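Thanks for coming. Please look at it first.

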Amino acid sequence: MGTLARPFVFAWHFLTGVPLSRGLHEPTAVELASSMAWYPIVGMLIGGGLVLADTGLSKVFEPSVVNVLLIVLAVLLTRGLHQDGLADTLDGLAGGKTPAARLPIMRDPRIGAIGATGLFLSLFLRYAGLMALPQALRVPALLCMPAIGRWAMVTVAWMSPYARSEGGLAASFLPHLSWVHLVAATGGLAAGLVWGFGILSTLVIVLTGSMVVVAVWAGCRLWFGGITGDTLGATNEVSEILFLLLAPLLLRLS
């Protein structure tokens, strides 16, 4: 595997359940950090799969069924990684009064009542967003929605310290995540947004997304002392759902 291709493959393998290479290709910490620059691109490839599925399914099923199947497909493609992170984050918030008390709860593999309720509501809100999505925005929204969530993950990760003092999956490579990776991730996202929505709407989306990221960053620092893999997954879910719910407002700018 080429040196330049390795970070992309690591990003793809981390964010999806679809293997690109049969070899293990053990990544270094620097390569894992570099792979985050590719997260929005991987997101757009996932979004492209959703667009193709939407086109095919719409010829067979009613819109309500199509939207449910798109949600199922998105969960399958990503192995439910981000939904799991959202549920664990909500359980931690509900079950602990301090960061030190919340972090162990988030590592519990069992899902609690608050996590299950939040997960159900997130899927319901995603469905409602898809149902309300104007047809004129459907293709660009499906394409860019996963990219926006992954960009938000990269941005929050760059801004935040790692929460667990004992270390974790991301602790070894997050210190290598730099502004160069963030700029590359932002450029990849912006290219897709400009193609799908135009320059003005892209500026609005990035500005709104930046405000969401700052709010998530502040919440992570206050409630958990930093980020974890679970809070990054929750960041993706919150960002994608808000984008879907707010996307119809973009028509007023056109």
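First, the ground rules. This is a predicted model, where local features need pLDDT of at least 70 and side-chain atom pairs count only at pLDDT 80 or more, while totals for chains, interfaces and linings use all residues. Residues are numbered from 1 along each chain as its sequence is written, and side-chain values use heavy atoms, with hydrogens and water left out.

Now the core. A nonpolar core here is a set of buried Ala, Val, Leu, Ile, Met, Phe, Trp, Tyr and Cys residues joined through side-chain atoms within 4.5 Å; buried means under 20% relative accessible area, exposed over 50%, and partly exposed in between, with a 1.4 Å probe and protein chains only. The largest nonpolar core has 53 residues, and Met36 and Phe197 touch the most other members. Helix H8 gives the most to this core, with 14 residues. Helices are DSSP runs of H or I with at least four residues, numbered from the N terminus.

On a 1 Å grid over the protein atoms alone, a cavity is a set of points where a 1.4 Å probe fits but cannot get out, and a pocket is an open set with protein on both sides within 12 Å along at least five of seven lines; lining residues have an atom within 4 Å of a point. Grid points are joined across faces, edges and corners, and a volume is the space filled by probe spheres set on the points.

How many cavities of 30 Å³ or more does a search of the whole structure find? It finds two. The largest has a volume of about 80 Å³, and Arg126, Arg150 and Glu240 are among the residues nearest its centre. The second largest cavity comes to about 50 Å³. Its lining includes Leu50, Ala74 and Arg126, and H4 gives the most to that lining, with three residues.

The second largest pocket holds about 290 Å³ of space. It is lined by 19 residues, with Ile205, Thr208, Gly209, Phe243 and Leu246 closest to its centre. H10 gives the most to this lining, with seven residues.

Last, the loop residue. Arg79 is in the loop between helix H4 (63-77) and helix H5 (81-95). Its phi is near 60°, a positive value in a residue other than glycine. Most residues other than glycine have a negative phi. Arg79 is partly exposed, with a relative accessible area of 49%.

Terms used. Helix = DSSP H or I, 4+ residues; strand = E, 2+ residues; numbered from the N terminus.
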